Amino acid sequence: MTKTEKILSYHGIRPTQMRLEIYKFLKRKQSAVSFSDLKKAFVQKSETNKTANRTTFYRNLKIFEDKGLIHQINDGVGVAKYAISDENAKDKYGIDLHMHFHCTNCRKTICLPNKISKESLPNDYEINNVNLVLKGVCEKCRQKY
Ligand SMILES: [Zn+2]
Ligand SMILES: [Zn+2]
């Protein structure tokens, strides 16, 4: 088994060709990938049987999200973006709690390495989703000025 196959299997996802490719595609990116860019890479690539391919693609993305392999980010630009979740950062609810950074210049969104602590939450409260986005100018864009 390859490393990617292992990661998928660990999440209870059967490693098909397309699933491995989607995972590797997201993993290679330094920033979150928009739904339309993902679709462009995986649906329009296949000339034969586009409808089946599109259905499979949607289903795979949903499975990845449900199993906590990837997460959706709403950075305020109006399109859903996806990024790989950090396997080592999951809390007992299975969530990788972290903030995001959205660059208002190049419009890229990245996952920030620092994790959010649940200490500030009152007892018996439970988090099951997090959508925090810091906005500003990224390192690369700042160097241009
Ligand atoms: Zn930037
Ligand atoms: Zn993230």
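Strands (E, at least two residues) and helices (H or I, at least four) are DSSP runs, numbered from the N terminus, and two strands pair if DSSP finds at least two bridges between them. This is a predicted model, in which local features need pLDDT of at least 70 and side-chain atom pairs count only at pLDDT 80 or more, while totals for chains, interfaces and linings use all residues. Residues are numbered from 1 along each chain as its sequence is written, and chains are lettered from A and ligands numbered from 1 in the order in which they are written.

An open sheet is formed by 3 strands in the order S5-S4-S6, with mixed pairing. Its edge strands, each pairing on one side only, are strand S5 (109–115) and strand S6 (133–136). Strand S4 (residues 98–103) pairs with S6 in the parallel sense over 4 bridges, and here His 102 stands opposite Lys 135 in S6.

Is Lys 135 buried or exposed? A residue is buried if 20 or more other C-beta atoms, placed from the backbone, lie within 10 Å of its own, exposed if 12 or fewer, and partly exposed in between. Lys 135 is exposed because it has 12 other C-beta atoms within 10 Å.
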